[in-house]
Amino acid sequence: QVQLVESGGGLVQAGDSLKLSCAHSGRSFTKYNMGWFRQAPEKEREFVAAISWNSLFINYADSLEGRFTISKDNTKNTVYLEMNSLNPEDTAVYYCAAADFLRGYNPTRYDFWGQGTQVTVSS
């Protein structure tokens, strides 16, 4: 089964930046659509960003576009989420997700999920 392992979270101050990584196991990494979600305490899981398997489509939550950037490195089987100008409202567990490209590109629908990495932004 595909496994996703997030890393790069931590405790930062408002205004700081973080770059999260998601390591992807399994064959044919290049043919998976990838996404990032987050879940804050007492809130439902929220879509953050997505990138299609061929990188032709990139989507962001409306409130995050301009601050967050999703990218991937196929040679490292890794997807990244660069987060800038962080504020306390960004505090959440951030999850990586993957979907086989044969399912079609839906930036909010995935088949595999990581365990998450905690991002805490102090004020």
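Analyst: A charge sits over a ring if NZ of Lys or CZ of Arg is within 6 Å of the ring centre and within 35 degrees of the ring normal. This is a predicted model, in which local features need pLDDT of at least 70 and side-chain atom pairs count only at pLDDT 80 or more, whereas totals for chains, interfaces and linings use all residues. Residues are numbered from 1 along each chain as its sequence is written, and side-chain values use heavy atoms, with hydrogens and water left out.

User: At what distance from the centre of the ring of W113 does the charged end of R45 sit?

Analyst: R45 lies over the face of Y95, at 3.9 Å from the ring centre. The charged end of R45 also sits over the ring of W113, and its distance from that ring centre is 4.8 Å.

User: How many salt bridges does a search of the whole structure find?

Analyst: A salt bridge is a side-chain nitrogen of Lys or Arg within 4 Å of a carboxyl oxygen of Asp or Glu. One of them joins D111 and R103, whose closest N and O atoms are 3.9 Å apart. Searching the whole structure gives a total of four.

User: Is R38, which meets D90 in a salt bridge, buried or exposed?

Analyst: The side chains of R38 and D90 meet at 2.9 Å, N to O, and the pair links strand β4 (residues 32–39) with the loop between β8 (78–83) and β9 (92–100), 52 residues apart; strands (E, at least two residues) and helices (H or I, at least four) are DSSP runs, numbered from the N terminus. Buried means under 20% relative accessible area, exposed over 50%, and partly exposed in between, with a 1.4 Å probe and protein chains only. D90 has a relative accessible area of 1% and is buried. Because the relative accessibility of R38 is 7%, R38 counts as buried.

User: How many residues apart in sequence are the parts that R67 and D90 tie together?

Analyst: The side chains of R67 and D90 form a salt bridge at 2.9 Å, N to O. R67 lies in the loop between β6 (58–60) and β7 (68–73), and D90 in the loop between β8 and β9, so the parts tied together are 23 residues apart in sequence.

User: Why is the pair of Y32 and F112 edge-to-face?

Analyst: Rings of Phe, Tyr and Trp (its six-membered ring) pair if their centres lie within 6.5 Å, and planes under 30 degrees apart count as stacked, over 60 as edge-to-face and the rest as tilted. By this rule the count comes to seven aromatic pairs. The centres of the Y32 and F112 rings are 6.4 Å apart, and the pair is edge-to-face because the planes stand at 65°.

User: What is the angle between the planes of F57 and Y105?

Analyst: F57 and Y105 form an aromatic pair with a centre-to-centre distance of 5.7 Å. F57 lies in the loop between β5 (46–51) and β6, and Y105 in the loop between β9 and β10, so the pair ties together parts that are 48 residues apart in sequence. F57 is partly exposed at 47%, and Y105 is partly exposed at 27%. The pair is stacked, and the angle between the planes is 20°.
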